[in-house]
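Welcome! Here are some exercises for getting to know a structure step by step. Try each task yourself before reading the solution below it.

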Amino acid sequence: MIVAVLSGKGGAGKTFAAVNLAVAAEKAVYIDCDVEEPNGRLFWRPQGVRERAVTTALPFFDPEKCTGCRACVDFCRFNALVYVKKAPMVFPEVCHACGGCALVCPAGAVGEQYREVGTLEEGDRGAVHVVTGVLRTGEVSAVPVIRAALEAGLSRREALTVIDSPPGSGCPVMESVREADFCLLVGEPTAFGLHNLAMVHDLCRLLGKPCGLVVNRETAPYAPLEDYCAREHLPILLRIPYRLQLARWGAEGVIAGEKDPEWKADFARLLRQMGGGAI
Ligand code: SF4
Ligand code: SF4
């Protein structure tokens, strides 16, 4: 089973839920797709980490062949090309490597080179294989690094794969949930939390994914969130109370399920509710 753990906003407790799910399963693959801020490795501290570069294609322009027609510049929807000094020039950080400029060039003047956009780290903590995508600072698109992380993690075909998705509800999130069998949403019982939760819930429904909710840092049931879940048929699978001890463990990079068997049992129950009973 592939479970994507999502939250409409950063800091909602997504990584807490994702690492504890993997601990509850005992044997799992954990993929950190929150590539702009991959925090999962701070909890796992994986051993034997191998690192490799993630590259993406980047066009280059042959001045001998280029006729200056500007078809490539007009085509690029990402505004990654400008025409200066009688030649197209590419802004690498904005280029989405779609390859369109090479296709439309009538002179065959566009070639392809590769550039590094991030790194992939793979290591192990006990029976959990940890894959971490790290986006290079300044890069606009996280998608190539997310794809590389998913490819590496999913190729292991483990009984449980937990995907720690990026925050928000944009393209990187879509990419990270595409292969998921279940979307586990993590939300906070606040107006802001609910607003962001509803956005990412909409996205998951659009993709036809079954969803469930973990309410994090709950002091008391928050009526607007309870109403939303009832109205939108979003089952609340786990409620995590607001506890100083959990905050301390989070700050120290301690995994609650490894420290306290009750938390491990709670997350094992959560796995079974999502359909991972055989794990
Ligand atoms: S590869 Fe695509 S995004 Fe990049 S410069 Fe060419 S058309 Fe633009
Ligand atoms: S489409 Fe080809 S020939 Fe035209 S400006 Fe671009 S690189 Fe040059």
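**Exercise 1.** Leaving aside its neighbours within four places in sequence, with which residues is Gly8 in contact?

*Solution.* Before starting, note that this is a predicted model, in which local features need pLDDT of at least 70, side-chain atom pairs count only at pLDDT 80 or more, and totals for chains, interfaces and linings use all residues. Residues are numbered from 1 along each chain as its sequence is written, and chains are lettered from A and ligands numbered from 1 in the order in which they are written.

Step 1: find Gly8 in the loop between strand 1 (2-6) and helix 1 (14-25). Helices (H or I, at least four residues) and strands (E, at least two) are DSSP runs, numbered from the N terminus.

Step 2: apply the contact rule, by which the C-beta atoms of two residues, placed from the backbone, lie within 7 Å. With neighbours within four places in sequence set aside, the partners of Gly8 are Gly168, Ser169, Asn196, Leu197, Met199 and Val200.

Step 3: Gly8 and Ala198 are 190 residues apart along the chain, and their C-alpha atoms are separated by 7.7 Å.

Step 4: count the surroundings. Gly8 has 26 other C-beta atoms within 10 Å and is therefore buried. The cut-offs are 20 or more other C-beta atoms within 10 Å for buried, 12 or fewer for exposed, and partly exposed in between, with C-beta atoms placed from the backbone.

**Exercise 2.** Describe the chain as a whole, then its domains.

*Solution.* Step 1: count the elements, and you find 11 helices and 11 strands.

Step 1: take the overall dimensions. The C-alpha trace spans about 70 × 45 × 30 Å along its principal axes.

Step 2: turn to burial and contacts. The chain has 279 residues, of which 44% count as buried. Among contacts between residues at least 6 apart in sequence, 75% join residues at least 24 apart.

Step 3: divide the chain. Domain 1 covers 2-54 + 118-273, and domain 2 covers 63-108; such bounds come from an automatic or database domain assignment. The centres of the two domains, taken over C-alpha atoms, are 38 Å apart.

**Exercise 3.** Which residues come nearest to ligand 1, and which to ligand 2?

*Solution.* Step 1: a residue is near a molecule if its C-beta atom, placed from the backbone, lies within 6 Å of it.

Step 1: for ligand 1, there are 14 residues around it, with Cys76, Cys95, Cys98, Gly100 and Cys101 nearest. By class, the shell has 11 nonpolar, three polar and no charged residues. Ala, Val, Leu, Ile, Met, Phe, Trp, Tyr, Cys and Pro count as nonpolar, Asp, Glu, Lys and Arg as charged, and the others, Gly among them, as polar.

Step 2: for ligand 2, there are 13 residues around it, with Cys66, Cys69, Ala71, Cys72 and Cys105 nearest. This shell holds 10 nonpolar, two polar and one charged residues.

**Exercise 4.** Is Lys85 buried or exposed, and where is Lys85 found?

*Solution.* Step 1: Lys85 counts as exposed because it has 6 C-beta neighbours inside 10 Å.

Step 1: Lys85 is in the loop between strand 4 and strand 5 (87-90). These two strands pair in the antiparallel sense over four bridges, and Val84 stands opposite Ala87 in strand 5.

Step 2: the two strands form a hairpin with two residues between them, and Lys85 in the turn has a positive phi of about 50 degrees. Most residues other than glycine have a negative phi.

Terms used:
Pairing = 2+ DSSP bridges.
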